[in-house]
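Subject: Structure handover

Hello,

Here is the structure I said I would pass on. My notes on what was found follow below it.

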Amino acid sequence: MAPFAFPMPLGSADRDLRPRSAARLVLLALLPSGCHGPQSMLSPHGPQAEAIAEAWWIMFGAACLVLVLVVALALYATLQRAGRPPPARPLRIIVVGGLLFPALALAALLVYGSMLSNRLVGASDPGLRIELIGHRWWWEVRYPDGGPPRALGNELRIPSGRPVLLEMRSDDVIHSFWVPTLAGKLDLVPGRTNRLTLMADRPGLHLGQCAEFCGELHAHMRIAVIAMAPDRFEQWRARFAPTPVPPPAFAHAGCDGCHRHDGQPVDGGRGPDLAGFASRRGAPGDTDALARWLERRHPAQLRSRVADVSAPSPAQADALAEWLERLQ
């Protein structure tokens with residue numbers, strides 16, 4: 001006796017396949033989304049990044065052609081009928097396909113890479129020089145050519161459409177500066193200054209990070225590169241004023257043990273420079289909210305790492321917050 005089965009309505013099998021087909025179409029539609037974003041190498045916004053993306057697409061296309069060729073040869077060998085004679089002159093196929101073709105492909109890649117390196121170096125006479133110093137675990141930015149008189153932390157502002165020379169070094173261990181949408185990565189080695197030419201083709205925000213593992217908080221060592229229109233960039237550089245004197249609470253709460261605010265070195269300092277704090281992207285605009293954060297959350301986060309940090313009183317937190325809001 002045949003096993004009992006519920007009758008299947010006509011067309012139900014087609015309806016069962018529709019969700020799977022829709023899911024495949026959605027996945028195919030989402031694949032190109034990985035090529036765009038503030039940290040996508042395939043979404044270039046500068047000549048150096050465009051050169052790198054171009055090389056990637058050329059190598060990707062060549063790899064696809066090689067894959068198709070290898071699969072075709074494998075299928076040809078698999079589907080050969082038994083007893084069929086081998087192709088004529090198999091030694092020639094081995095020499096051409098296994099020796100000459102790889103040698104020519106690698107030679108062409110070498111020539112292209114040499115030509116590409118000249119494009120990555122960029123302009124020989126950039127219009128602006130910026131110093132970038134890597135610390136565990138933050139970035140120090142200085143403008144020696146007439147920029148802000150103090151160092152900035154974790155924020156690099158550049159004019160769009162103009163080449164900028166970054167002179168980079170490390171203060172402790174090896175770091176690596178990488179902003180995928182603008183240029184390739186370059187290591188910062190202690191005791192050595194490396195140079196990278198950077199240029200953004202239009203105003204916008206570009207996110208970068210340290211690409212070399214440097215310790216416990218390596219994942220949080222990020223930097224924001226803000227490309228500004230040239231006139232707005234000059235206005236931003238001109239508005240920096242002398243640093244106001246910090247309130248007594250700055251020393252009482254132990255802030256001076258980690259942070260600097262006027263570019264002067266701090267013995268054993270582990271925090272970013274506070275210069276220009278109020279003008280940074282994402283800086284809180286509510287003085288009262290900043291004061292409450294200084295009073296409660298910030299000291300609590302640091303007590304596990306720094307023994308001599310004490311929570312400021314409400315009055316001290318208010319004074320610190322008001323002072324920070326004046327650091328333009």
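Helices (H or I, at least four residues) and strands (E, at least two) are DSSP runs, numbered from the N terminus. This is a predicted model, in which local features need pLDDT of at least 70, side-chain atom pairs count only at pLDDT 80 or more, and totals for chains, interfaces and linings use all residues. Residues are numbered from 1 along each chain as its sequence is written, and side-chain values use heavy atoms, with hydrogens and water left out.

Met-199 sits in the loop between strand E8 (194–198) and strand E9 (204–210). Beyond its neighbours within four places in sequence, Met-199 is in contact (heavy atoms within 4.5 Å) with His-45, Gly-46, Pro-47, Gln-48, Gly-161, Arg-162, Pro-163 and Leu-182. Leu-182 is 17 residues from Met-199 in sequence, and their C-alpha atoms are 6.8 Å apart.

The chain as a whole has 8 helices and 10 strands. Of its 328 residues, 34% are buried (under 20% relative accessible area; exposed is over 50%, partly exposed in between; 1.4 Å probe, protein chains only). Of the contacts between residues at least 6 apart in sequence, 66% join residues at least 24 apart.

In helix H8 (residues 314–324), the buried residues include Ala-317, Leu-320, Ala-321, Trp-323 and Leu-324. They lie on the same side of H8, because they cover an arc of only 160° around the axis (taken from the directions from the helix axis to the C-beta atoms). Ala-315 and Glu-322, on the other side of H8, are exposed. Helix H5 (249–252) and helix H6 (287–295) are among what covers the buried residues of H8.

Leu-99 is in helix H3 (residues 90–121) and, at 56% relative accessibility, counts as exposed.

On the aromatic side, the whole structure holds 7 aromatic pairs (rings of Phe, Tyr and Trp, the last by its six-membered ring, with centres within 6.5 Å; planes under 30 degrees apart are stacked, over 60 edge-to-face, the rest tilted). One of them joins Trp-56 and Trp-57 edge-to-face, at 4.8 Å centre to centre and 85° between the planes. Trp-56 is partly exposed, with a relative accessible area of 33%, and Trp-57 is partly exposed at 44%. Trp-56, Trp-57 and Phe-60 form one aromatic cluster.

Regards
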